[in-house]
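Here is a short briefing for a first look.

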Amino acid sequence: MILMETTPVQRFLIFIGLALFSSFSWSHPVIFKGGLELQGETQERDSMYSVTYTVHPRWAISAHHYDFRESLGSPVGKPFEVASAQVNVLVKRWLNHGSQGNIYAGLGAGSFIPQVGSSEFLSRGFVSMDWESTKYYVAGSYLLYLPDQSGAVDFKKLRAGFAPYILDQEGLNSWFIMEWRQMNRERAEVTPFLRFFHQSVLFELGSSLDGFFKFNFMIHY
Amino acid sequence: MKKLILATLVLLMFSGLSFASEQESQKSDHSHGKHKAHMEGGHEKAHEPKGKGHGHGKSHDGHGKEHGKESHKAELGQIQSGNQEIKVKGMVCEVCAYGIRKTLKKEAVVKSVEVNIKDHLVRIEYKDPKKVLSNERLAEILVDAGYELDHGGK
């Protein structure tokens, strides 16, 4: 992997470059001013939870916890956890009459905690891009963990979806979403999701093509 | 190859930063020039509605008649007494519109808020039809929620 072969300076430059711009994040890293977002993604071998507070319409602060529970498939060969804080920035938003597009980036730091061995300082960053209308949605994100000593861990995610119906009043909305997700050079997972949302609550239920159940949620306050 | 990747990232980074500053300057021009010419009232004040030529949203004078929720739902998008309907650019999902709804509900003059994602409309019902939010305040609320008024959306 390119990141593993680079020098620390090159890794840092790639990290900054990817974090400040590029074209892929996690959904809605910046919401409305004063808004609080709880978000989670959980599946058989790993889970990711975050709390985000939007300070300004263009930036937010967030706390994250990531837990990889298996040795098999772990990029560092053992289970590990990551606890970190991050600043998220809305780099660019396009508002159109019936759609919107966004580019977000974020930089942060925290602790990389392997199951065996001592904790390490960790830098993290992400870049993401999404475009959505009332009927269609596409998104891509790149998330990078850079522990001080262990190898880098990254997540690539691409999503596309559509709404089978559009409500003209408030109610339960449904979407079909297809997700492609890859961690480092592991085998990519493809997961169809059913997304439901009403007002400030969104959740997704999915089962990967390998048969692993997944559950994601997002709540705004 | 690595140099190429680094060069590309640096170029993209500068593009991103220039996009952001361009957007900021457009916002600044908008609020100090053209936008101001269309606005009335202060940031924090509710003000008396003055009829049709009232900016981007549609404010409606009326008799302050109460309508049931079902009636509002059925007629969302139509002119009603004491209500204001605004079109929001880029408002495409209910979760994203939650910030608009929440901030509007905090305003003392607002009784209720309904969102119509399909037509990108927000409908505000006021407690007193004579006291509505200024367009300036509405624009400010939308900006804080990450949106803007739709000046000419279809």
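In what order do the elements of chain B run from the N terminus on? They run α-α-β-β-α-β-α-β-β-β-α-β. This is a predicted model.

**Chain B**
- Chain B has five helices and seven strands.
- Of its 154 residues, 39% are buried.
- Take the contacts in chain B with a separation of 6 or more: residues 24 or more positions apart account for 65% of them.

**The barrel of chain A**
- Twelve strands of chain A form a closed barrel, in the order E1-E2-E3-E4-E5-E6-E7-E8-E9-E10-E11-E12. The pairing is antiparallel.
- On average, neighbouring strands of this sheet are turned by 20° against each other, direction ignored.
- Strand E1 (residues 36-43) and strand E2 (residues 46-56) of chain A are an antiparallel pair with seven bridges.
- Gly40(A) stands opposite Tyr49(A) in E2(A).

**Where chain B meets the sheet**
- Helix H4 (residues 94-106) of chain B packs on the sheet of chain A.
- This helix touches strands E9 (173-183), E10 (189-198), E11 (201-207) and E12 (213-220) of chain A.

**The largest nonpolar core**
- This core holds 62 residues. Tyr145(A), Val88(B), Ala97(B), Ile100(B) and Leu142(B) touch the most other members.
- Strand E7 (residues 136-147) of chain A gives the most to this core, with seven residues.
- Leaving aside residues up to four places away in sequence, Val88(B) touches Ile100(B), His120(B), Val122(B), Leu142(B), Tyr147(B), Leu149(B) and Asp150(B).
- In soluble globular proteins, nonpolar side chains tend to be buried together.

Definitions and conventions: Residues are numbered from 1 along each chain as its sequence is written. Chains are lettered from A and ligands numbered from 1 in the order in which they are written. This is a predicted model: local features need pLDDT of at least 70, side-chain atom pairs count only at pLDDT 80 or more; totals for chains, interfaces and linings use all residues. A nonpolar core is a set of buried Ala, Val, Leu, Ile, Met, Phe, Trp, Tyr and Cys residues joined through C-beta atoms within 7 Å. A residue is buried if 20 or more other C-beta atoms lie within 10 Å of its own, exposed if 12 or fewer, and partly exposed in between; C-beta atoms are placed from the backbone. Helices (H or I, at least four residues) and strands (E, at least two) are DSSP runs, numbered from the N terminus. Two residues are in contact if their C-beta atoms, placed from the backbone, lie within 7 Å. Two strands pair if DSSP finds at least two bridges between them. Axes are lines fitted to C-alpha atoms, for helices over the stretch in contact, and angles run from 0 to 180 degrees between N-to-C directions.
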